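Have the viewer open as you read.

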Amino acid sequence: MSLGIGDVLVQLLNGLSYSSFLFLVAAGLSVIFGVTRIINLAHGSFYMLGAYLAVSLTTLFPPTVIGFWGGIVCAALVIGLVGVLVETLVLRRIYEAPELVQLLATFGILLVIQNVTLKIWGTEELFAPRAPGLTGSLRLFGRSFPEYHLVLILMGPVVLGLLWLLSYRTRWGVLIRAATQDRDMVGALGVNDRVLFQVVFFLGTMLAAFAGALRIPVDTINLQMDLSVLTETFVVVVVGGMGSVLGAYLAALLIGLLHAFGIMIFPKITLVLMSLVMAVVLVFRPYGLLGKPEGAARKGILAIELPIKPGSLSFNVFWLGVLVVLLVAPMVVGSYLQTVLIEILILALYAASLHFVLGIGGLPSLGHAAYFGLGAYAVALATSLLGVPTLTSLTIAAFAAVVAAAIFGWFCIRLSGIYLAMLTLAFAQIMWSIALQWVDLTGGDNGILGLYRSPAFASITAYYYLVLSICFIAVLIMRHLVFAPFGYALRAARDSVLRTEALGIDVRLHRWIALIISGGFGGLAGGLQALQKGGAFPDGLSVSQSIDALVVILIGGVQTLVGPIVGAAAYFGVKTEIMRYLGDSWQLVLGLTIILLVVLFPQGIAGFVKQRAAR
Amino acid sequence: MSLLQVRNISKTFGGVQALRGVNFSLDEGQLLALIGPNGAGKSTCFNVLNGQLRPDSGNIILAGRELVGLNARQIWQHGVGRTFQVAAVYGSMTVVENVQLALLSKGRGLLPVRRSTSHYFRSEALNLLEGVGMHIQADRPASILAYGDVKRLEIAMALANKPKLLLMDEPTAGMAPKERHELMQLTCNLVKQRGMSVLFTEHSMDVVFSYADRLIVLSGGTIIAAGDAQSIRNDPAVQEAYFGTGKTFEI
Ligand SMILES: Nc1ncnc2c1ncn2[C@@H]1O[C@H](COP(=O)(O)OP(=O)(O)OP(=O)(O)O)[C@@H](O)[C@H]1O
Ligand SMILES: [Mg+2]
């Protein structure tokens with residue numbers, strides 16, 4: 001393919017237009033994070049709502065310039081108010097809660113919005129009217145370029161300028177900047193921070209909704225928009241530096257242009273390119289282009305910490321009993337229940353592997369699905385391409401996840417807290433997007449189907465025993481490590497990094513190894529899942545897969561070693577029952593349940609019991 | 001003979017010059033007090049000494065070895081222990097486990113993975129705890145200790161590596177007067193027993209004047225005076241830095 005000057009120019013303009021769009025979404029996320037320190041997973045949902053509402057309004061309003069733009073602006077404002085409502089009803093109650101709990105709440109909101117959108121607008125893709133007066137194209141050196149995109153290109157710098165005016169020329173702007181730098185200062189300035197947070201939420205969600213609304217003439221509107229926009233937004237915010245609007249702008253430019261030219265040169269791997277850029281930026285600037293190091297941690301992952309000790313006699317007898325029951329179960333129950341038990345065991349292993357870095361290591365990984373999904377794809381590819389037997393494919397899965405964890409972990413150990421959560425999420429989202437985009441290898445949306453287990457494990461009962469033994473051994477290994485000095489070093493680093501370094505313990509090394517171990521077991525869980533389902537699917541890499549592990553741990557209780565196991569059983573039961581009886585309302589109910597659980601039991605079930613017992 | 005020599009250390013944070021050309025030395029077996037008003041740069045000086053912060057310029061020589069450029073772990077390996085202004089112990093472990101962990105540390109590599117922590121160094125840890133009078137509380141969670149006990153636990157942890165130099169950032173802050181003197185008496189005994197040196201910061205002049213062998217006064221990031229208690233007390237520059245003019249240490 002030969003590139004004329006026209007092609008290059010058009011790609012440049014495409015890149016700029018895409019940058020502007022990325023910037024609008026990312027700026028909203030960044031502003032909200034800067035002041036409230038909440039990573040809002042529902043940010044993409046407001047973007048989606050903005051788009052849907054804008055389609056309805058522009059269709060409803062007269063097809064004039066005023067009607068069109070009026071519809072877009074109204075949509076943004078209305079969704080901004082929805083954001084305020086959500087802030088007031090849910091998030092306000094959990095500002096003091098541990099960060100992961102907040103995150104979970106925003107995921108609950110995401111689910112609710114998904115379902116409400118589906119109920120209002122249905123599952124069909126929507127197409128919007130085109131912008132009156134801007135339906136034509138420009139001719140540039142023999143190539144055409146849609147006029148509407150020029151508006152999009154302008155919108156980025158215009159909004160950046162407006163945000164700048166807002167922050168430096170208005171009282172609210174000064175307050176927002178002050179709160180971004182030092183939250184305690186807001187109180188000292190005598191400001192009602194409730195109102196401030198509402199204003200910030202309005203601004204942030206409005207920006208997301210505005211971006212969504214602006215895209216309607218050029219995109220199809222569907223229910224996947226919320227999650228697909230999250231990847232790039234998170235990458236932009238991580239690269240730009242969290243809480244920095246100017247940083248978000250620079251990063252959006254970088255990523256947008258890279259995306260545009262990347263498509264020209266390597267159409268398949270724009271995301272790989274994007275992640276490489278992110279990696280390079282983070283090596284030199286761990287907090288992003290214009291980000292500042294996180295101040296002293298405002299609070300831990302957990303509210304309280306108790307020393308761990310080996311379980312009491314009755315505790316051990318109980319768990320021995322559970323093991324015996326699991327061992328004899330196949331003789332008593334049929335294949336359906338065996339399948340259920342397999343799923344619970346896999347979920348428990350997956351959650352326990354996250355708990356190892358999250359509960360013990362204090363590293364809030366939000367992207368654990370990266371390893372789970374990778375393990376699943378590794379098994380699927382090894383089986384379908386190489387035809388290896390089941391046990392070999394599982395070994396390959398664990399190994400692939402270990403390698404990925406070693407690479408991702410190398411970047412992650414430089415960060416902590418919310419920055420780390422963000423980066424892990426970005427890594428997982430990149431893997432997810434690759435699975436969707438690299439259709440030749442991964443089958444894209446459809447995934448890889450038709451996996452068979454080796455004859456020895458073909459029967460459900462044989463596979464059940466394989467899963468049980470792998471999960472049992474893996475959980476025992478992790479438990480052993482937790483009680484060994486290695487695990488103590490992890491907990492030490494979680495309690496106080498400075499103290500631990502001053503004692504001569506290499507915090508980063510321990511964390512890196514922990515991430516690798518955790519990734520390996522996560523990959524193993526993913527591999528087991530693929531063999532159970534007979535295929536690997538992009539869902540295994542999705543945000544909801546990552547969140548699943550988090551929900552399980554939080555239900556079970558972060559501070560207990562058996563929390564992931566208890567949580568897996570509880571969560572699986574609840575989720576399947578909800579899905580069975582509620583059809584497509586399950587997201588709504590699950591979302592609301594998560595929100596309620598989070599508001600009522602920030603310590604989880606097992607944590608709650610342990611705390612009661614400790615009294 | 002001087003164990004530690006600090007030469008011309010400077011450190012800036014953004015626009016704030018926390019240390020500007022700090023010079024002092026510390027002899028073996030000496031208890032040296034670093035005093036100065038709030039924000040003088042004392043904690044920054046400690047953070048530079050133990051490798052938590054890298055100075056912009058200057059040298060730190062400990063027993064003939066340059067420390068600038070080494071990280072906290074390497075400096076710990078060279079025999080520097082420290083306690084923090086806001087005591088930092090591991091709340092999620094018992095008292096004795098805190099010390100066991102300190103004893104397990106080797107400065108590099110991973111901690112053991114073979115056996116559970118209870119198998120390592122328990123009796124040594126109990127000995128160290130006995131040295132600071134904390135052995136009775138060995139199996140309590142560190143999170144429920146009284147503040148004075150947390151400080152003593154921190155000292156036991158810092159001693160695990162048999163340091164040549166112990167840095168104590170405000171060891172007696174937040175303590176009752178009686179407790180203060182007990183803690184400082186304990187420190188003096190440890191210095192004698194172990195032949196180590198101590199550099200400590202302190203706001204309580206009572207403590208400083210009773211226990212320090214020598215004092216240095218930091219103000220606005222520079223050393224404005226050095227000497228024994230008597231000469232510091234009467235130094236007009238010190239009085240100026242602390243109280244403006246008019247007041248003295250005799251309160
Ligand atoms: N990490 C940092 N970033 C920016 N400024 C800092 C940092 N640490 C210290 N400072 C500044 O450096 C100066 C010296 O602080 P330092 O904590 O060393 O004082 P100090 O003598 O220990 O005070 P205090 O008696 O209150 O403990 C202060 O102005 C402080 O604000
Ligand atoms: Mg200090």
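## Helix H23 of chain A

In this predicted model, helix H23 of chain A covers residues 563-582, 20 residues in total. From its first C-alpha to its last it reaches 27 Å, close to the 28 Å expected at 1.5 Å a residue.

Which residues of H23(A) are buried? They are A:Gly563, A:Pro564, A:Gly567, A:Ala568, A:Tyr571, A:Phe572, A:Lys575 and A:Ile578. Looking down the axis of H23(A), these buried residues fall within an arc of 145°, so they line one face of the helix. The face turned away from that buried side carries the exposed residues A:Arg580 and A:Tyr581. Just after H23(A) comes A:Gly583, with a positive phi of about 55°.

## Where chain A meets chain B

Let us turn to the interface. Chain A gives 29 residues to the contact and chain B gives 36 residues. Between them the two chains bury about 2,700 Å², with 63% of it on carbon and sulfur atoms. On the chain A side, A:Pro485, A:Arg499 and A:Leu503 lose the most area to chain B, together 26% of what that side buries.

## Polar links and the helices involved

Across the interface of chain A and chain B there are 3 salt bridges. A:Arg499 forms a salt bridge with B:Glu154, where the closest N and O atoms are 2.9 Å apart. Between chain A and chain B, 20 residue pairs are in polar contact.

The elements giving two or more residues to the side of chain A that touches chain B are helices H18 (460-483), H19 (485-495), H20 (497-502) and H21 (507-533) of chain A. H19(A) supplies the largest share of that side, 8 residues.

Terms used
Residues numbered from 1 in each chain as written. Chains lettered and ligands numbered in written order. Predicted model: local features only at pLDDT ≥ 70, side-chain atom pairs only at ≥ 80, totals over all residues. Heavy atoms only, no water. Helix = DSSP H or I, 4+ residues; strand = E, 2+ residues; numbered from the N terminus. Expected span 1.5 Å × (residues − 1). Buried < 20%, exposed > 50% of the residue type's maximum accessible area, 1.4 Å probe, protein only. Arc of directions from axis to C-beta. Contact = heavy atoms within 4.5 Å. Buried area = accessible area lost by both parts, 1.4 Å probe. Salt bridge = Lys/Arg side-chain N within 4 Å of Asp/Glu carboxyl O. Polar contact = N/O pair within 3.5 Å; in protein donor to acceptor, adjacent residues only side chain to side chain.
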